[in-house]
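Subject: Structure for your review

Dear colleague,

Please find below the structure that I am handing over to you, followed by an account of what was found in it.

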Amino acid sequence: MNSRESQLKAFDRLLTIMDELRAQCPWDKKQTMQTLRHLTIEETYELGDAILDNDLEEIKKELGDVLLHIVFYAKIGSETNHFDMADVANDICDKLINRHPHIYGDVVVKDEEEVKQNWEKIKLKEGKKSVLEGVPNGLPALVKANRIQDKVAGVGFDWEKPEQVWEKVQEELEEFQDEVKQGNADAMESEFGDVLFSMVNYARFLNINPENALERTNKKFIKRFQYLENKAKEQGKTLKDMTLTEMDVFWEEAKSI
């Protein structure tokens, strides 16, 4: 792997290229933090896809795209004298040192759980009024539910055993089914949300990331469905021309591949 000197040289090269692009490229000169925002989100999702696929070459490329965006924001910040790349790097360094007193101080922790609890306590001391302030409003609901539960658990608001959480899941399912029988759409939606929230909590107790789990299933379904579509085309048919029984044959084939 590259030496620290080589890594710093490569980063300096990126900063230089960013300076040149910002000064000379018509597209780069026009960009603002607002115009970059949606592109940054897209790049982050692409990185997430590469990680789920365990495609290390693609992960490397997508990390480069995300790093470019970080450097781009820092460059824009420097143009208004608000902050530059050094400020960004030093700020996160200071934060990491402050939030790891078991490494850079005299605090003793016995395991990962105590580290997480200390992290949340330190953030409150830094001025945050709620442990949930760090959960972005714009997060997808499934990711947000996981982060909410993770954060409140960090200050001790949590179940003790997975079995208790599973009982809660079953309780929420029963309440959902009761509302289904009543046929009240608003109540059904509310109870379904409770079911999902409790399932996310149960996944956390089993060390399963619910977002990753669901996305794996999405990818699996897409591959199998596209296999089904291709098989239909090979027979000169569309899916609408096929019975469910016929489609199921190819679906089972897809599952075995």
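This is a predicted model: local features need pLDDT of at least 70, side-chain atom pairs count only at pLDDT 80 or more; totals for chains, interfaces and linings use all residues.

Asp150 pairs with Arg147 in a salt bridge, in which the closest N and O atoms are 3.2 Å apart. Arg147 is likewise partly exposed, at a relative accessible area of 32%. Both residues belong to helix α8 and sit three residues apart, which places about one helical turn between them. An α-helix has 3.6 residues a turn, so residues three or four places apart point the same way.

In helix α12, Glu252 and Lys255 are three residues apart, or about one helical turn. Glu252 is partly exposed at 39% relative accessibility, and Lys255 is partly exposed at 40%. As for the bridge between Glu252 and Lys255, its closest N and O atoms are 3.7 Å apart.

The other pair is Glu57 and Lys60, both in helix α4 (residues 56-79) and three residues apart, about one turn of the helix. Their closest N and O atoms are 3.1 Å apart. Glu57 is partly exposed at 43% relative accessibility, whereas Lys60, at 52%, counts as exposed because the cut-off for that class is over 50%. Side chains of opposite charge can pair when their charged atoms come close. The structure has 13 salt bridges in total.

Helix α8 also holds Gln149. Is Gln149 buried or exposed? At 3% relative accessibility, Gln149 is buried. Its side chain makes polar contacts with backbone atoms: a polar atom of the side chain lies 2.8 Å from the backbone oxygen of Phe197, and a polar atom of the side chain lies 3.0 Å from the backbone nitrogen of Asn201. Leaving aside residues up to four places away in sequence, Gln149 touches Phe197, Val200, Asn201 and Arg204.

Helix α8 (141-153) is also among the elements that cover the buried residues of helix α11, as are α10 (185-205) and α12 (244-256). The buried residues of α11 are Pro210, Arg224, Tyr227, Leu228 and Ala232. How far apart are the end C-alpha atoms of α11? They are 36 Å apart, in agreement with the 36 Å that the 25 residues of this helix (residues 210-234) should span at 1.5 Å a residue. At the N-terminal end, Asn209 caps α11, with a side-chain oxygen 3.0 Å from the backbone nitrogen of Glu211. Just after the helix, Gly236 takes a positive phi of about 70 degrees.

Cys93 is partly exposed, with 40% relative accessibility. Cys25 is partly exposed as well, at a relative accessible area of 23%. The structure contains zero disulfides.

Turning to the overall fold, the protein has twelve helices and zero strands. Its radius of gyration is 24 Å, well over the 18 Å that the globule rule gives for 257 residues, so the protein is more spread out than a compact globule. Along the principal axes, the C-alpha atoms fill a box of roughly 65 × 55 × 40 Å. Of the 257 residues, 24% are buried. What share of the contacts between residues at least 6 apart in sequence joins residues at least 24 apart? That share is 52%.

With kind regards

Definitions and conventions: Residues are numbered from 1 along each chain as its sequence is written. Side-chain values use heavy atoms; hydrogens and water are left out. Helices (H or I, at least four residues) and strands (E, at least two) are DSSP runs, numbered from the N terminus. The expected span of a helix is 1.5 Å times one less than its number of residues. Buried means under 20% relative accessible area, exposed over 50%, partly exposed in between (1.4 Å probe, protein chains only). Contact means heavy atoms within 4.5 Å. A polar contact is a pair of N or O atoms within 3.5 Å; within protein, one must be able to donate a hydrogen and the other to accept it, and residues adjacent in sequence count only if both atoms are side-chain atoms. A disulfide is a pair of cysteine sulfur atoms within 2.5 Å. A salt bridge is a side-chain nitrogen of Lys or Arg within 4 Å of a carboxyl oxygen of Asp or Glu. The radius of gyration is taken over C-alpha atoms; the globule rule is 2.2 Å times the number of residues to the power 0.38.
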